[in-house]
Amino acid sequence: MLPWLSNWIHWTDYSRILFGCLLALSLSEERTYGWLRWAAKPVGLVLGLVMFAATHFATSHAYLQSETPAEGLYTIAIGLVIVGLVMSQPPWASFLSSRAMVFVGKRSYGIYLIHIFCIWLVEIAFPSGSGELLISIGAYVSAVLVSLVVADVLYRVVEYPGIIIGRKLSVEVISRSSSHNLIEARN
């Protein structure tokens, strides 16, 4: 909805998000799930990884511009890799299902939202650009830990209660809709 030459540089990120949503919906449908099954095979995973590496290392890391073919290839490559990893049962699947990774996964959106703020807070204690390896490692570890703690608080206080409320509202809306449809069917 923004003009093509908008000054807001982050709008191109939505094409990736929308593509991910499309893939998620495709995986929930039996017909398209079967069609995407090839991505879980080694050939699909290798193709996705090769496309990812080619576009990642052949372009600027800052922003892939949406008007370039690289943006489309990059998005498709990431999608292929994710679909392949979701559909196959790779050896590391048990690691990704571990309590620690599930904990991080459930808080990943919160981490995404607040990590810049947490990095800023950590940089007060560990100023960037010092050139000291131990200070840099300490800053990195501290930023990760602070981000996890803040995201956990957000998850427990805001996100999870919101999920519970959303589920209850969904059940109410579905039951009202079902009741309404049943009444109309009788009439």
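## Thr75 in helix α4

T75 lies in helix α4, which covers residues 69–87, where helices (H or I, at least four residues) and strands (E, at least two) are DSSP runs numbered from the N terminus. T75 counts as buried because its relative accessibility is 9%, the classes being buried under 20% relative accessible area, exposed over 50%, and partly exposed in between, with a 1.4 Å probe and protein chains only. When residues up to four places away in sequence are not counted, T75 touches S15, R16 and F19, a contact meaning heavy atoms within 4.5 Å.

## Basis of the model

This is a predicted model, in which local features need pLDDT of at least 70 and side-chain atom pairs count only at pLDDT 80 or more, whereas totals for chains, interfaces and linings use all residues. Residues are numbered from 1 along each chain as its sequence is written, and side-chain values use heavy atoms, with hydrogens and water left out.

## Overall composition

The protein has 8 helices and 0 strands, and its elements, read from the N terminus on, follow the order α-α-α-α-α-α-α-α. Of the 187 residues in the protein, 21% are buried. The accessible surface of the protein comes to about 13,900 Å², and 71% of that surface belongs to carbon and sulfur atoms; accessible areas come from the Shrake-Rupley method with a 1.4 Å probe, and for residues only the protein chains shown count as cover.

The contacts in the protein can also be sorted by separation in sequence: among those between residues at least 6 apart, 66% join residues at least 24 apart.

## Packing of α3 against α4

Two packed helices are described by the angle between their axes and the distance between the axes. The axes of helix α3 (residues 42–58) and α4 come within 8 Å and cross at roughly 145°, the axes being lines fitted to C-alpha atoms, for helices over the stretch in contact, with angles that run from 0 to 180 degrees between N-to-C directions. The crossing in which α3 passes α4 is left-handed, a term used if the near helix is turned anticlockwise from the far one by less than a right angle, with right-handed used if clockwise.

On the α3 side, the residues that meet α4 include L45, L49, M51 and F52, together with H56. Their counterparts in α4 include L73, Y74, A77, L80 and V81, as well as G84.

## Salt bridges

Side chains of opposite charge can pair when their charged atoms come close. The structure holds 3 salt bridges, each defined as a side-chain nitrogen of Lys or Arg within 4 Å of a carboxyl oxygen of Asp or Glu. One of them pairs D152 with R107, with the closest N and O atoms 2.6 Å apart. D152 lies in helix α8 and R107 in the loop between α6 (99–106) and α7 (108–125), so the pair ties together parts that are 45 residues apart in sequence. Both partners are buried, D152 with a relative accessible area of 14% and R107 with one of 7%.

D152 also forms a salt bridge with R156, the closest N and O atoms being 2.9 Å apart. These two residues both lie in helix α8, 4 residues apart, or about one turn of the helix, and R156 counts as exposed at 54% relative accessibility. A further salt bridge links R176 with E172, whose closest N and O atoms are 3.5 Å apart; R176 and E172 both lie in helix α8 as well, 4 residues apart and about one turn of the helix. R176 counts as exposed at 57% relative accessibility, while E172, at 38%, counts as partly exposed. Salt bridges that share partners join R107, D152 and R156 into one network.

Helix α8 spans residues 133–186 and contains I137, which is partly exposed with a relative accessible area of 42%. A nonpolar surface patch of about 740 Å² is made by L133, L134, I137, Y140, V141, V144 and L145. Patches are made of residues with over 30% relative accessible area and no salt bridge, like charges being joined within 9 Å and nonpolar side chains (Val, Leu, Ile, Met, Phe, Trp, Tyr) within 5 Å.

I135 also lies in helix α8 and is partly exposed, with a relative accessible area of 31%. Leaving aside neighbours within four places in sequence, I135 is in contact with F126, P127 and S130. I135 and A125 are 10 residues apart in sequence, and their C-alpha atoms are 9.7 Å apart in space.
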